[in-house]
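I opened my notebook to get to know a new structure. Here is what I looked up, entry by entry.

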Amino acid sequence: MNDIKILWVDDEIDILKPHIIFLEKKGYTVSTCNNGADAIDMCNENNYDIVFLDENMPGLSGLETLTEIKSKQANLPIVMITKSEEEYIMDDAIGNKIADYLIKPVNPHQILLSLKKSLDHSRLVSEKTTSNYQQEFRKIAMDLAMVNSYEEWIEIYKKLVYWELELENISDSGMVEILESQKQEANSLFFKFIKKNYAHWIQNNDDAPILSNTLFKKVILPAINQSNGTLLVVIDNLRYDQFSIIEKTITKYYKKEEETPYFSILPTATQYARNSIFSGLMPLEMEQKHPNYWRNDTDEGGKNLYEEEFLQEQLKRLKLNIKLGYHKITNLKSGKQLADNFNSIKENDLTVLVYNFVDMLSHAKTEMEVIKELASDDKAYRSLSNSWFMNSPLLEMIQKAQNLGLKLIITTDHGTINAKVPSKVIGDKNISSNLRYKTGRSLSYEDKEVYAVKEPKEIGLPSISINSSFIFAKEDFFFAYPNNFNHFVKYYKNTYQHGGISLEEMIIPCAIFVPK
């Protein structure tokens with residue numbers, strides 16, 4: 001025992017002598033007093049690890065003593081002990097952030113359990129989490145050896161995300177490293193799976209998972225509630241782990257009715273994937289049917305300026321008469337304006353809200369030193385995303401949507417990956433600029449590090465010129481030019497990129513919620 005110092009406060013402290021002897025035999029150091037005033041003085045003069053505090057004492061009550069001690073030492077664990085089971089006492093004690101609550105008469109083992117819960121909780125949780133992951137590690141390893149369908153890949157990725165979130169709160173860095181290596185192995189196998197199956201999916205929709213171009217028709221449309229209205233939120237560049245974190249806040253206001261992870265099309269980039277969601281078409285079809293809206297990589301101007309028009313065209317094709325509202329939020333001001341006027345959307349059958357913050361965050365990590373510090377790894381990136389969400393107009397709008405009785409659908413267009421390994425590529429001057437995919441003529445690259453598509457139409461993509469091809473980076477690779485290679489690599493290594501093939505970019509969330 002690491003010399004844990006306990007203060008036990010009770011006006012009948014002599015009766016508790018057997019409990020104190022029991023704890024001392026277990027290695028704890030126990031000090032005692034019989035009133036609140038002395039307890040406050042002793043806490044001011046000594047560094048106790050925990051206080052056991054009787055609620056019903058003459059003079060200062062336990063609750064008054066609790067408040068006074070907490071005002072000076074907010075993080076000192078205090079266990080309230082009382083004869084009373086009255087609800088208001090429990091509410092007051094819990095409101096004052098007690099560590100535990102025990103009803104008299106207490107036995108020594110209850111006290112010991114309370115100590116372990118209050119003082120050893122982190123260690124015990126860490127040990128249990130580590131033990132559980134060690135068992136799950138073997139199961140995931142066996143699953144990876146046999147996985148052969150997109151459904152199985154979704155389940156494996158969800159398990160990896162679950163354990164990533166569980167392990168981030170423990171102190172065992174070794175377990176985190178093991179998980180990272182397992183994720184790398186999974187991404188290596190996932191790349192081979194996509195390389196083998198993706199073209200077949202595009203050419204044979206019946207065998208394909210839900211993709212960007214079928215998401216609206218297969219998942220969103222059946223969920224729209226035309227009687228009360230539906231809010232569809234598309235958070236650009238939202239990975240599954242980030243969604244899992246913000247979901248904890250969303251479920252304070254909404255109950256999850258259904259979750260349908262789906263696959264982003266390639267390239268896993270906004271101009272392709274998000275336009276595909278809204279149009280219900282593959283990029284090649286967009287270029288053919290709506291040349292006035294579609295923009296290729298090398299075309300001038302914004303690539304996502306016509307999402308609302310694409311969605312209106314899809315609704316026409318599906319012969320649906322839906323009253324639609326569309327809003328794109330790209331800065332705090334426009335977010336606040338919509339939040340302030342949110343009630344105006346209640347007449348819509350479907351309100352679409354595209355929120356661009358997470359994408360801006362990933363780009364800022366490349367360009368701004370302060371963001372590199374704040375989002376140095378996936379754990380920090382999740383934390384920063386959650387901090388934004390908790391204080392964003394988007395959360396305010398979700399709360400207002402609940403009050404209006406709107407159904408809520410949260411999804412994204414693609415994820416992102418922390419790019420770490422450079423892969424050399426050469427092309428002509430018109431080659432596209434994205435770091436995780438390239439399109440253009442005369443591309444030269446490392447065969448083993450890419451999924452190369454010589455005929456873009458085979459995977460539903462347009463050609464920017466005759467003989468143009470596409471290449472997609474695998475795992476956590478990113479493309480770099482041989483010219484000024486070292487400078488380029490130093491600048492872009494450990495930045496969040498998208499456009500290529502990884503679990504993080506391709507398997508993404510879509511969840512349907514109903515108001516609580």
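**Entry 1: the whole chain.** I began with burial: of the 516 residues in the chain, 54% are buried. I keep in mind that this is a predicted model. For the overall extent, I found that the C-alpha trace spans about 90 × 50 × 40 Å along its principal axes. I then looked up the secondary structure, which comes to 20 helices and 21 strands.

**Entry 2: salt bridges.** How many salt bridges does a search of the whole structure find? I got 28. A reminder to myself: side chains of opposite charge can pair when their charged atoms come close.

**Entry 3: Glu-164 and Arg-382.** I picked this pair, whose side chains meet in a salt bridge at 3.3 Å, N to O. Glu-164 sits in helix α7 (residues 150–167) and Arg-382 in helix α17 (residues 378–390), so the pair ties together parts that are 218 residues apart in sequence. Are these two buried or exposed? Glu-164 has a relative accessible area of 8%, so I noted it as buried. Arg-382 is buried too, because its value is 4%.

**Entry 4: Asp-378 and its partners.** I moved on to Asp-378, which forms a salt bridge with Lys-183 (3.7 Å, N to O). This pair links distant parts of the chain, as Lys-183 is in helix α8 (residues 173–203) and Asp-378 in helix α17, 195 residues apart. Lys-183 counts as buried because its relative accessibility is 8%. Asp-378, with a relative accessible area of 14%, is buried as well.

I also found the side chain of Asp-378 in a salt bridge with Arg-239 (3.4 Å, N to O). Arg-239 lies in the loop between β6 (230–235) and α10 (240–250) while Asp-378 is in helix α17, so this pair ties together parts 139 residues apart in sequence. Both Arg-239 and Asp-378 are buried.

**Entry 5: the network.** Which residues are linked with these pairs in a network of salt bridges? I listed Glu-164, Glu-168, Glu-180, Lys-183, Arg-239, Asp-241, Asp-378, Arg-382 and Glu-504.

**Entry 6: a serine in a loop.** I looked up Ser-432 and found it in the loop between β13 (421–426) and β14 (437–440). Ser-432 is buried, because its relative accessible area is 3%. Its side chain reaches the backbone nitrogen of Thr-439 at 2.9 Å.

Entry 7: I traced one of them, Lys-289, to helix α12 (residues 283–289).

Definitions and conventions:
Residues numbered from 1 in each chain as written. Predicted model: local features only at pLDDT ≥ 70, side-chain atom pairs only at ≥ 80, totals over all residues. Heavy atoms only, no water. Helix = DSSP H or I, 4+ residues; strand = E, 2+ residues; numbered from the N terminus. Buried < 20%, exposed > 50% of the residue type's maximum accessible area, 1.4 Å probe, protein only. Polar contact = N/O pair within 3.5 Å; in protein donor to acceptor, adjacent residues only side chain to side chain. Salt bridge = Lys/Arg side-chain N within 4 Å of Asp/Glu carboxyl O.
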